[in-house]
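Dear colleague,

I am passing on the structure below, and my notes on it follow. Please read them with the model open beside you.

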Amino acid sequence: MNFAETYLAQLERFAARGSLPRVRALHLPPAADTPLPGDRGEFCALELDDGSLGLSYVLLDDTLARMREGEGGFSLVGADALDLARAYVSGSGILRTLGFAAANALTRCFFDRAGYRPDTSADSIGGLDPQPGERIGMIGLFTPLIGRILKSGAQLTVVELKADLAGDKDGYRVTLDPAELAGCGKVLSTSTLLLNDTLDHMLGFCRDARWFAMIGPSAGCLPDALFARGVTLVGGTWVHDREGFVDALRSGRERGDHARKCAIAADAYPGFETLLARV
């Protein structure tokens with residue numbers, strides 16, 4: 001099974017343990033004439049009746065525009081969250097995005113019911129600890145993180161989808177060819193791979209990586225199938241103030257006061273089976 005199928009199968013087993021909350025609302029970032037700073041306009045939040053939030057990237061193709069056109073008209077309020085999560089496997093476009101957000105919201109519900117709290121992230125670069133002369137790969141251009149990696153003396157290769165970003169930069173290289181990740185001992189990746197269905201394809205170019213960190217607000221999924229594929233750390237967003245987070249997301253303000261960056265390391269994660277037994 002691919003990642004999405006494995007993920008959904010786990011959520012189906014969670015659902016078999018008892019009733020699950022239904023969908024309460026979909027929260028979108030504000031419309032803006034100019035891009036919002038950072039990632040403030042890049043993610044939606046799907047909320048369940050118990051307050052669980054699931055985040056998903058919304059800037060693939062015309063997803064956000066279509067969400068805006070139909071905001072309040074998706075018939076999501078009161079919907080079966082698991083049924084919506086199934087669209088992550090069987091749907092496409094906006095339905096796949098909504099399905100992914102629903103799956104991530106159910107993951108938060110699962111973690112809460114199991115009494116599991118991921119550790120707070122120790123740093124912003126997924127624990128890569130770059131060293132002088134090391135070859136570091138980056139999937140997706142994390143501009144704010146580049147300076148720290150270059151300062152360490154490591155060599156950096158960034159793989160991007162946007163042709164206008166490609167080329168040799170000041171101290172690093174941006175390429176459209178994922179084959180250039182060969183030889184990188186450590187890789188930092190965007191969690192958007194989970195949404196655009198390129199996870200296994202990109203991992204195939206990272207066989208030399210002994211450390212593969214996947215980070216991003218939408219990395220709120222069950223990590224078991226990622227760890228089975230060689231990912232070593234998943235870094236996401238753990239919301240501790242639902243009301244404040246939703247208000248900040250909808251208004252385009254900083255969300256840091258309402259959530260923390262969390263990290264789940266493969267060697268410290270108790271595993272789905274252990275957590276399911278606690279539910």
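**Notes on the model**

Pro-30 is found in the loop between strand 1 and strand 2, where helices (H or I, at least four residues) and strands (E, at least two) are DSSP runs numbered from the N terminus. This is a predicted model, in which local features need pLDDT of at least 70 and side-chain atom pairs count only at pLDDT 80 or more, while totals for chains, interfaces and linings use all residues. Residues are numbered from 1 along each chain as its sequence is written, and side-chain values use heavy atoms, with hydrogens and water left out.

Pro-30 counts as partly exposed because its relative accessibility is 22% (buried means under 20% relative accessible area, exposed over 50%, and partly exposed in between, with a 1.4 Å probe and protein chains only). Setting aside residues up to four places away in sequence, Pro-30 touches Leu-36, Arg-68, Leu-249, Arg-250, Ser-251 and Gly-252, a contact being heavy atoms within 4.5 Å. Pro-178, by comparison, is 148 residues from Pro-30 in sequence and 33 Å from it in space, C-alpha to C-alpha.

The buried residues of helix 9 (residues 242-251) are Gly-244, Phe-245, Val-246, Ala-248 and Leu-249, and they pack against strand 1 (23-27), strand 2 (43-48), strand 3, strand 11 and strand 12. Gly-252 follows helix 9 and has a positive phi, near 80 degrees.

Most residues other than glycine have a negative phi. Asp-61, in the loop between strand 3 and helix 2 (63-70), has a phi near 55 degrees, and Asp-61 is exposed, with a relative accessible area of 79%. Asp-129, in the loop between strand 4 (119-120) and strand 5 (135-139), has a phi near 50 degrees, and Asp-129 is partly exposed, at 48% relative accessible area.

Gln-10, which belongs to helix 1 (residues 3-15), counts as buried because its relative accessibility is 10%. Beyond residues up to four places away in sequence, Gln-10 touches Leu-222, Asp-224 and Phe-272; the C-alpha atoms of Gln-10 and Leu-222 are separated by 8.3 Å, although the two residues are 212 apart along the chain.

The second largest pocket holds about 290 Å³ of space. On a 1 Å grid over the protein atoms alone, a pocket is an open set of points where a 1.4 Å probe fits, with protein on both sides within 12 Å along at least five of seven lines, and lining residues have an atom within 4 Å of a point. Of the 26 residues that line this pocket, Leu-53, Arg-108, Gly-220, Thr-237 and Trp-238 are the closest to its centre. Strand 3 (53-57), helix 5 (93-114), strand 11 (233-239) and strand 12 (259-265) each give two or more residues to the lining, with strand 11 supplying the largest share, 6 residues.

As for the whole chain, there are 10 helices and 12 strands, and 53% of the 279 residues count as buried. Among contacts between residues at least 6 apart in sequence, 64% join residues at least 24 apart. The C-alpha trace spans about 50 × 45 × 35 Å along its principal axes.

With best wishes

How values were computed:
Grid points are joined across faces, edges and corners, and a volume is the space filled by probe spheres set on the points.
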